[in-house]
Amino acid sequence: MDSLAAAPGTGPATSPLPILRKPRPVARFEDLPTDRTLVMGIVNVTPDSFSDGGKHATADTAIAAGLRMFYAGADIIDVGGESTRPGAEDVSPEVEQQRVIPVIEALVKAGALVSIDTVRASTAAAALKAGAAIINDVSGLTIEPEMAELVASSKAPYILTHRRGDARTMNSLAEYKDVAGEVVAELVGVRDKLYAAGVSQEQIIIDPGLGFAKNDAQNWELLQNLDQLESLGHRILVGASRKRFLGTLLTVAGKSAAPQERDAATAAITAISAYRGAWAVRVHDVGPSLDAVKVAARMAAPRTSQ
Ligand code: PMM
């Protein structure tokens, strides 16, 4: 029997620490802080993600990584079981769920608020059942349109990410005349499908989808025009962490910076996004971004000196 999870008063009579027998309160979306930008930590339970080199491919290493981020102060832990890198192979829903469900259960039990990073409705449904509170769909409803019904019936917050094509085709679809205007127009089209399925305005969180069918210059242009996305009237999430356009920016002697060398630049993007009012940032290294959101919140506070 797991005495840590037992209801108060029902654990072994000999336990010297009754407080440990209290179940942890379930983390709720409604209880997230609203006075600053939130930090979402990334746990990819995959052998082939570009950004963390498959470091959390087993349930144990993924749970440990998620707990480290949670105890460091991350507001949300985003758990995914399929790499979204360009050219990545599909995994079956069964394999995806075998990877993510034990990790979600453990993190929820520890008191973390968890989002599920998936393009599949069946995986999103299994994740919600396991205690996840947010659906993060990088396909922007393009892979499984039935996701809309699940979002409507579950009433779960839904991260609507802009993407064209899939992991294999997206790089060839990065053609825009006005990237911010076209991304907004395409997001409005998907948002209307969500509304038609019964999803509420409050549930939808908009993500520009940096790196998803965008080249480096287009990513920067989207970041420069976050206010156009904000005009849609939803919360905004920015996912720039360790992405290729940061590696290009930090090129030294013709060599792009490796993913793990992009965390300081990621924190700089966090500070700027937070200052511009983003609801959340999605990052691999949560500590520097937690500091960055504090800096941004302080900078945005009213002046107190004479
Ligand atoms: N990027 C990745 C995966 N999931 N989800 C959202 N909402 N936004 C993103 O930009 C995003 C995402 C890319 O892969 P990673 O997990 O290795 O960073």
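Colleague: What rules hold for the numbering and for the predicted model?

Modeller: Residues count from 1 along each chain as its sequence is written, and side-chain values use heavy atoms, with hydrogens and water left out. The model is predicted, so local features need pLDDT of at least 70 and side-chain atom pairs pLDDT 80 or more, while totals for chains, interfaces and linings use all residues.

Colleague: Why is Glu 82 called buried?

Modeller: Buried means under 20% relative accessible area, exposed over 50%, and partly exposed in between, with a 1.4 Å probe and protein chains only. Glu 82 has a relative accessible area of 16%, so Glu 82 is buried.

Colleague: What does the side chain of Glu 82 reach, and what makes that a polar contact?

Modeller: The side chain of Glu 82 reaches the backbone nitrogen of Val 91 at 3.1 Å. A polar contact is a pair of N or O atoms within 3.5 Å; within protein, one must be able to donate a hydrogen and the other to accept it, and residues adjacent in sequence count only if both atoms are side-chain atoms. Contact in general means heavy atoms within 4.5 Å. Not counting residues up to four places away in sequence, Glu 82 touches several residues, among them Thr 46, Glu 96, Arg 99 and Arg 120.

Colleague: What makes Arg 242 and Asp 263 a salt bridge?

Modeller: A salt bridge is a side-chain nitrogen of Lys or Arg within 4 Å of a carboxyl oxygen of Asp or Glu. For Arg 242 and Asp 263, the closest N and O atoms are 2.9 Å apart. The pair links distant parts of the chain, 21 residues apart: Arg 242 lies in the loop between strand S7 and helix H8, Asp 263 in helix H9. Arg 242 is buried because its relative accessible area is 8%, and Asp 263 is buried because its value is 15%.

Colleague: Which residues are linked in a network of salt bridges?

Modeller: Arg 28, Glu 30 and Asp 31 are linked in this way. The closest N and O atoms are 3.7 Å apart between Glu 30 and Arg 28, and 3.0 Å apart between Arg 28 and Asp 31. Glu 30 has 57% relative accessibility and so counts as exposed, whereas Arg 28, at 44%, counts as partly exposed. By this rule the count comes to 14 salt bridges.

Colleague: How do you know that S1 and S2 pair?

Modeller: Helices (H or I, at least four residues) and strands (E, at least two) are DSSP runs, numbered from the N terminus. Two strands pair if DSSP finds at least two bridges between them. S1 and S2 have 5 bridges, in the parallel sense; Val 43 is partnered in S2 by Val 79, and Ile 42 by Asp 78. S1 is also joined to S8 by 4 bridges, again parallel, with Ala 280 as the partner of Leu 38.

Colleague: What do the strands close into?

Modeller: In the order S1-S2-S3-S4-S5-S6-S7-S8, 8 strands close into a barrel with parallel pairing. Neighbouring strands of this sheet are turned by 25 degrees against each other on average, direction ignored.

Colleague: Which residues point which way from S1, and are they buried or exposed?

Modeller: In a regular strand the side chains alternate between the two faces of the sheet. Leu 38, Met 40, Ile 42 and Asn 44 point one way from S1, Val 39, Gly 41 and Val 43 the other way, and all are buried.

Notes: Axes are lines fitted to C-alpha atoms, for helices over the stretch in contact, and angles run from 0 to 180 degrees between N-to-C directions.
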